[in-house]
Amino acid sequence: MSNEKEISRRRTFAIISHPDAGKTTLTEKFLLFGGAIQTAGAVKSNKIKKHATSDFMEIERQRGISVATSVMTFEYRNFLINLLDTPGHKDFAEDTYRTLTAVDSVVLVIDSVNGVEEQTRRLMEVCRMRNTPVIVFINKMDRDGKNRFDLLEEIEKELKIQLHPMTWPINSGKDFKGVYNLDAKSLVLFTANTKATEDDSIVIEDLNDDFLNDKVGNNDANILREDVELIDGVYGKLNTEDYLSGSVAPVFFGSAINNFGVKELLDTFIKIAPEPLDRETSKRVVKVEEPKLSGFVFKIHANLDPRHRDRIAFLRVCSGKFERNKYYHHVRLDKDFRFSNPYSFMARSKDIIEDAYPGDVIGLFDTGNFKIGDTLTEGEDFYFTGIPSFSPEIFKELVNKDPMKTKQLEKGITQLTDEGVAQLFTQFGGNKKIIGCVGELQFEVIQYRLLNEYGAACEFRVLPFYKACWLTSNNQKKLDEFLRFKQQNSAEDKDGNPVYLAQSEWFLNTEITNNPDIVFHFTSEIH
Ligand code: G4P
């Protein structure tokens with residue numbers, strides 16, 4: 001198949017949700033449709049169970065699962081779909097944000113009972129930053145959920161995105177009777193545990209047909225007619241361009257556990273979801289159909305075996321064709337590498353591949369040469385932009401407990417921060433190492449892994465900071481002065497960029513007001 005054909009049949013996306021909304025269940029149903037798995041229960045939840053925060057076996061088990069499910073590739077109706085997994089736990093949110101840089105669109109799952117939740121809001125913010133096309137799946141319609149109109153209004157308001165219903169439910173909870181497909185003008189009646197391959201929709205050309213009354217009863221038939229008239233009047237037909245630009249999100253209703261409404265979602269997804277897109281770099285836009293390979297690393301996974309420090313770097317292919325054993329240029333190191341065992345991830349098993357195309361994510365065996373954000377090309381020097389580093393929310397000083405193991409500690413913390421487990425800052429005028437994380441859980445992961453993989457014992461001392469802001473200024477003198485003056489609150493990140501560590505919102509706002517020549521950034525781009 002030609003490059004162009006390979007590209008046009010690829011869809012690379014992620015399912016995102018607040019924990020417990022049904023991401024794992026929906027993933028499993030997608031894989032069943034794709035024939036990638038045969039039985040329910042085959043996809044392991046990557047959720048960290050409650051009360052398991054100190055259980056290191058649990059963390060290791062999680063790491064195992066997240067390697068296996070990082071990318072799930074399956075075929076559906078001749079499309080090759082790459083589904084990228086995102087960790088559900090909020091302490092690993094940064095990992096999720098970075099994964100979102102490697103997809104072309106997302107499916108957002110919302111629990112019909114709980115509506116918009118904390119993580120839903122945060123994830124959507126990241127999608128909005130990148131104008132990522134979003135399809136919404138309102139799940140658990142078999143439960144007594146919120147009023148459907150209220151729910152749509154809540155989602156639109158809270159997530160600041162315009163919605164466009166594609167299906168419409170008839171009741172919810174025990175009275176849930178099914179969904180009407182507004183576009184195909186067909187009705188699918190609710191049956192629990194629908195088989196993945198069944199297609200039992202009833203075409204209803206005219207909603208005024210008595211046939212509808214026979215199927216759902218007079219009362220519900222009339223409500224559906226009124227609802228549909230209202231929706232048609234307000235929304236009209238979906239403009240795919242609005243979806244692709246990230247300003248309108250099509251909405252589906254269903255019940256993932258019952259495999260209900262999932263097929264409608266998947267069929268529309270392959271019809272409208274974007275194929276691999278052109279990408280912005282530090283020098284120019286890289287077109288997806290360019291013949292030369294380019295790609296970037298968005299995730300690094302350490303080997304589970306502490307005796308081997310090798311890791312898997314996940315590369316998103318952006319242009320050209322990746323070939324096994326061919327030399328590629330590692331831009332940051334200005335060195336050429338070839339890969340004899342690149343992996344692809346056909347759910348459950350890792351297979352060595354010969355080639356990969358734009359949209360694909362491959363696993364590269366790495367002995368410590370990669371960092372998140374690294375770019376591979378066929379010689380040209382550029383970096384893919386828009387891979388963000390967010391301000392951490394918890395800061396602690398890293399204290400070495402064993403002076404004999406200083407070297408191991410240094411190496412360990414460098415490698416773990418390269419993997420993106422946490423961010424490392426070094427205080428100006430001293431060499432106090434400050435670790436910034438999104439969640440408490442990461443500190444436990446770091447302490448555990450430093451000891452187990454590097455033999456270095458450490459402890460953490462809580463620091464009174466609440467945010468890190470990256471600083472830039474057109475007036476270098478003013479910036480240097482500021483950093484000198486605020487030595488206690490100044491540090492540099494791993495790449496030597498100056499950072500201000502704020503104690504509180506009040507301090508931060510005061511500094512922003514007092515220093516108009518300095519720009520305070522809440523995210524930094526890795527490049
Ligand atoms: P997550 O990955 O987003 O965290 O959610 P997950 O799929 O694990 O689903 C969370 C819980 O919601 C699970 O129940 C799952 O069975 C249930 N669920 C998913 N879809 C539906 C649905 O359409 N209707 C209803 N009523 N429940 C649904 P659990 O009890 O937490 O786990 P389990 O013991 O069933 O695995």
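**Sheets, helices and the ligand shell**

Let me start with a helix on a sheet. Helices here are DSSP runs of H or I with at least four residues, strands are runs of E with at least two, and both are numbered from the N terminus. Angles run from 0 to 180 degrees between N-to-C directions, with axes as lines fitted to C-alpha atoms, for helices over the stretch in contact. Contact means that the C-beta atoms of two residues, placed from the backbone, lie within 7 Å.

Two remarks on the source. This is a predicted model: local features need pLDDT of at least 70, side-chain atom pairs count only at pLDDT 80 or more, and totals for chains, interfaces and linings use all residues. Residue numbers start from 1 along each chain as its sequence is written.

Pairing requires at least two bridges found by DSSP between two strands. Strand S8 (residues 178–181) and strand S9 (residues 186–189) pair antiparallel over four bridges. Within that pair, Val 179 stands opposite Val 188 in S9.

Next, the seven-stranded sheet. This one is open too, with mixed pairing and the order S2-S3-S1-S4-S5-S11-S6. From one strand to the next, the twist averages 30 degrees. Helix H5 (residues 118–130) packs on this sheet and touches strand S1 (10–17), strand S4 (105–111) and strand S5 (134–139). The direction of H5 makes about 160 degrees with that of S4.

Look at the S2 end. S2 pairs with strand S3 (residues 79–84) in the antiparallel sense, over six bridges. Val 71 has Leu 84 of S3 as its bridge partner. Phe 74 has Ile 81 of S3. The two strands form a hairpin with two residues between them, and Arg 77 in the turn has a positive phi of about 45 degrees.

On to helix pairs. H2 and helix H10 (residues 262–272) pack at about 70 degrees, axes 11 Å apart. That makes H2 roughly perpendicular to H10. The cut-offs: under 35 degrees is roughly parallel, over 145 roughly antiparallel, 65 to 115 roughly perpendicular, and the rest oblique. Leu 26, Lys 29, Phe 30 and Phe 33 of H2 meet Val 262, Lys 263 and Leu 266 of H10. By class, that contact has five nonpolar, no polar and two charged residues. Nonpolar covers Ala, Val, Leu, Ile, Met, Phe, Trp, Tyr, Cys and Pro; charged covers Asp, Glu, Lys and Arg; the others, Gly among them, are polar.

The second pair is helix H11 (residues 406–418) with helix H12 (residues 440–454), at about 125 degrees, axes 10 Å apart. That makes H11 oblique to H12.

Last, the ligand. Which residues are closest? Of the 19 residues around the ligand, the closest are Lys 23, Thr 24, Thr 25, Ser 255 and Ile 257. A residue is near the molecule if its C-beta atom, placed from the backbone, lies within 6 Å of it. The shell divides into four nonpolar, nine polar and six charged residues. Helix H2 (residues 23–33) gives the largest share of the shell, three residues.
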